[in-house]
Amino acid sequence: MQQEELEEKVTMLEELIQGFIQRITIVETEMPGFLKSFLQQYKETLDRIASRIETANKRYNDQKIEQQMDELKDVVSRVPKVIGIKNHHHFGAWSKSLIIGLVVAFVITAGSFGAALYLNHQNDRLNDEAYNFWLVRAMYPKTAETIITGLKSDPNAFIAKAEKAMEKQQAIAAAKALADQAEKNQKAARDSLKKARSAK
């Protein structure tokens with residue numbers, strides 16, 4: 001059985017080889033004819049391309065191009081590799097004075113502008129206090145008269161007494177603010193406690 005299969009396979013291989021040989025023979029016999037017809041069809045085009053290449057070669061003079069390349073190489077070889085550059089900045093006497101003058105003018109201008117802003121702020125504060133005293137004088141004339149008299153008789157003692165009264169008022173205001181904050185915190189704590197109890 002195996003012998004028959006082998007013989008059958010050998011026969012198939014021989015048939016394939018015979019067919020391959022026939023095809024190669026056809027290619028060998030027909031290929032020169034095909035190439036000949038191809039060259040005949042495109043002979044004109046190939047001749048045109050060859051003539052253009054020849055004209056292009058004649059257009060450029062090889063010796064002239066080579067001479068120009070030599071000249072260029074000569075120029076490049078003569079160019080120095082490193083070119084030293086010295087930078088030196090020098091301020092003259094008048095330019096130094098000008099720079100110093102500009103810096104001084106800038107400092108004076110900035111200082112004047114800052115002083116003007118500070119004095120304007122102070123002036124606004126004094127105007128507010130004068131306006132407040134004017135209101136006290138208009139609405140409470142006896143209190144205003146007491147203040148004026150106290151300032152005339154012993155200004156230092158009266159100012160010290162006023163400063164103590166101001167400190168006392170500020171302390172009261174601060175304590176009131178703390179009490180209000182504590183009350184807000186206590187209310188917030190009560191609200192959160194109610195929410196926690198109602199969530200259960």
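In this predicted model, helix α5 (residues 141-153) packs against helix α6 (residues 155-199) at an angle of about 130°, and the two axes lie 5 Å apart. This angle makes α5 oblique to α6, since angles over 145 degrees would be needed for roughly antiparallel. On the α5 side, the contact is formed by Thr146, Ile147, Gly150, Leu151, Lys152 and Ser153, and these residues meet Pro155, Phe158 and Ile159 of α6. Sorted by class, the contact of α5 with α6 comprises five nonpolar, three polar and one charged residues.

Helix α5 also packs against helix α4, which spans residues 93-139. Here the angle is about 120°, with the axes 5 Å apart. The helices α4 and α5 are therefore oblique to each other; roughly perpendicular would require 65 to 115 degrees. From α4, the residues in this contact are Phe133, Val136, Arg137, Ala138 and Met139, and they meet Pro141, Thr143, Ala144, Ile147 and Ile148 in α5. The contact of α4 with α5 has eight nonpolar residues, one polar and one charged. Ile147 of α5 is among the residues that meet α4, and Ile147 is also listed among those that meet α6.

Elsewhere in α4 lies Ala110. With a relative accessible area of 41%, Ala110 is partly exposed. Its C-alpha atom is separated by 39 Å from the C-alpha atom of Val136, 26 residues apart along the chain. Val136 is one of the α4 residues in the contact with α5.

How far can these details be read? The mean pLDDT of the protein is 83, and 92% of its residues reach 70 or more. Confidence is highest in α4, at a mean of 90, and lowest in helix α2 (residues 43-59), at 78. Where pLDDT is low, the predicted coordinates should not be read in detail.

Key:
Residues numbered from 1 in each chain as written. Predicted model: local features only at pLDDT ≥ 70, side-chain atom pairs only at ≥ 80, totals over all residues. Heavy atoms only, no water. Axes fitted to C-alpha atoms, helices over the stretch in contact; angles between N-to-C directions. Helix = DSSP H or I, 4+ residues; strand = E, 2+ residues; numbered from the N terminus. Parallel < 35°, antiparallel > 145°, perpendicular 65-115°, else oblique. Contact = heavy atoms within 4.5 Å. Nonpolar A, V, L, I, M, F, W, Y, C, P; charged D, E, K, R; others polar. pLDDT = per-residue confidence, 0-100. Buried < 20%, exposed > 50% of the residue type's maximum accessible area, 1.4 Å probe, protein only.
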